[in-house]
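Please consult the sequence and structure shown here before reading on.

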Amino acid sequence: MSQRQVLQGLEEYRKARLQFVQRVAEQATRPQNLETLQSAGVISLLRPLLLDVVPTIQQTAALALGRLANYSDDLAEAVVKGDILPQLVYSLAEQNRFYKKAAAFVLRAVGKHSPQRAQAIVDCGALDALVICLEDFDPGVKEAAAWALGCTSRHNAELSQAVVDAGAVPLLVLCIQEPEIALKRIAALALSDISKHSPELAQTVVDAGAIAHLAQMILNPDAKLKHQVLSALGQIAKHSVDLAEMVVEAEIFPVVLTCLKDKDEYVKKSACTLIREIAKHTPELSQLVVNAGGVASVTDCIGSCRGNTRLPGIMMLGYVAAHSENLAMAVIISKGVPQLSVCLSEEPEDHVKAAAAWALGQIGRHTSEHARAVTHTLPVLLSLYMSTESSEDLQMKCKKAIKGILPKCTYLPALEPFLYGAPPNILKHVLGQFSKVLPHDSKARRLFVTSGGLKKVQEIQADPGSLLQEYINSINNCYPEEVVRVLPKEFEVERRRKRLLFFLTAHGTHLSFMSNPQCLPLLRSREATEAQ
């Protein structure tokens, strides 16, 4: 009887422990409970249960801690300060696959928040244990370990180097060759997180043979896997010409262009990013992209998406155009300018508009032909530059684009609107261009008078001896002195006519009266009075 009571008491205690950890794990899924759980000291209560003799209690306690740490940096810090990580690492190599997955989840949840939390993962010796888990027979354990390693390495180069030094990269490359899609995704993400920080880390991933295996998965039907694969290749290619060429040599073109038509927005964005990171390095790599049809495909992709998804494609067109006149013309021929114009006018986000302004500036800065292709965007660029609602970066990008396009613009009708609204720092560039073109173009000189441009120039107030005044003098010197001298008088007559119109309207005279020949004596009399 006594023995039965003892065993019954132990059984009740076991059930109570199990019920406790299950309840905490369930409650930790709801954010409104987390503050209460933390203030009640639940982390210190869960800590000894990680070493419980009952495996289910161990696993559930680790799951509860992982959910708590996953929610916020403060709770992750509490887990670190609770001296829980060493217990997890100790048990990681000894326990079954269920506990390993739960323990790796805790390490991932702690390490993802900040470099400080990730450093705590390194300091407790967890990396070696996680790398061992990458060799586990169970794919779920491999996945959990790869995820924890990726969350640790994403913060900075030092943490990534620690993951590399632990021997994770060759095993991650083996993981992307496993048949399980979920494991492939997480392993590709981890390789991307390692590669992004420096050329040396990216080279480590390349040396492990990752590029060939990643390139083979570009056409995998799983959208999430494609996104991670394209992202990893982009992170490798961005660092240097040599790394970009290695990615290209894996024969990703024209295969990668099919991803630009994918239904998934993340796949589109990652594909554009990869192409951008390749094209930005040299004219030769940009020409390779052009020859593969990349510019036309990216242009179509920009037209089929919105918002931030457009951003890498916009930048890719700008990088290609920046390299040379021929490459910029390839962007123009591929209908890139209309799409960039739409982005400049319609996108609500300033950083997307700023990228479009920069790309247009790169296209238009080469020759007069290039500038002519983008002159229709100049009023929009000026409007965004002068708008008080535009961000500082957008204003700067628009200003640089305008200043890059104007010196190459020989189509003067496109510049005349600037005479009426441009600020002085832009106006001097406009007048400078007029002073260069007008002396050598008789047709442009005639049009400049008939359109009222020359008259407007006479109204501009410039400091004697300033660059602006020099440009005005150069423009005036293109015309006979009597033409320049009579323009202010004509302007004054026009001003008086408008004042008389206002006078008559104010005194109830119908506007149709102005077209009656009998009103002419009154007009002349009024003008004579005004002149006196």
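A search of the whole structure finds 16 salt bridges, a salt bridge being a side-chain nitrogen of Lys or Arg within 4 Å of a carboxyl oxygen of Asp or Glu. The model is predicted: local features need pLDDT of at least 70, side-chain atom pairs count only at pLDDT 80 or more, and totals for chains, interfaces and linings use all residues. Residues are numbered from 1 along each chain as its sequence is written, and side-chain values use heavy atoms, with hydrogens and water left out.

- Side chains of opposite charge can pair when their charged atoms come close.
- R117 and D73 meet through their side chains in a salt bridge of 3.0 Å, N to O. This pair links distant parts of the chain, 44 residues apart, with R117 in helix α8 (residues 115-123) and D73 in helix α5 (residues 73-81).
- R117 counts as buried at 12% relative accessibility, whereas D73 is partly exposed at 28% (buried means under 20% relative accessible area, exposed over 50%, partly exposed in between, with a 1.4 Å probe and protein chains only).
- E347 forms a salt bridge with R310, with 2.6 Å between the closest N and O atoms. E347 lies in the loop between α23 (336-346) and α24 (350-364) and R310 in the loop between α20 (294-304) and α21 (311-323), so the pair ties together parts that are 37 residues apart in sequence. Both E347 and R310 are buried.
- R276 and E277 also form a salt bridge, at 2.6 Å from N to O. R276 is buried at 15% relative accessibility, and E277 is buried at 6%.
- A network of salt bridges links R154, D193 and K196.

**Overall fold**

- The protein chain has 34 helices and zero strands, taken as DSSP runs (H or I, at least four residues, for helices; E, at least two, for strands) and numbered from the N terminus.
- The radius of gyration, taken over C-alpha atoms, is 35 Å, well over the 24 Å that the globule rule gives for 532 residues, so the chain is more spread out than a compact globule. That rule is 2.2 Å times the number of residues to the power 0.38.
- Along the principal axes, the C-alpha atoms fill a box of roughly 130 × 60 × 40 Å.
- Of the 532 residues, 48% count as buried.

**Negative surface patch**

- D242, E245, E249 and E284 form a negative surface patch (residues with over 30% relative accessible area and no salt bridge, like charges being joined within 9 Å).
- Helix α17 (residues 241-249) contributes the largest share of this patch, three residues.
- E245 lies in helix α17 and counts as partly exposed at 33% relative accessibility.

Notes: Patch = residues over 30% accessible without salt bridge, like charges linked within 9 Å, V, L, I, M, F, W, Y side chains within 5 Å. Areas by Shrake-Rupley, 256 points an atom, 1.4 Å probe, with all protein chains shown as cover. Lys, Arg positive; Asp, Glu negative; His and termini not counted. Charge placed at Lys NZ, Arg CZ, Asp CG, Glu CD.
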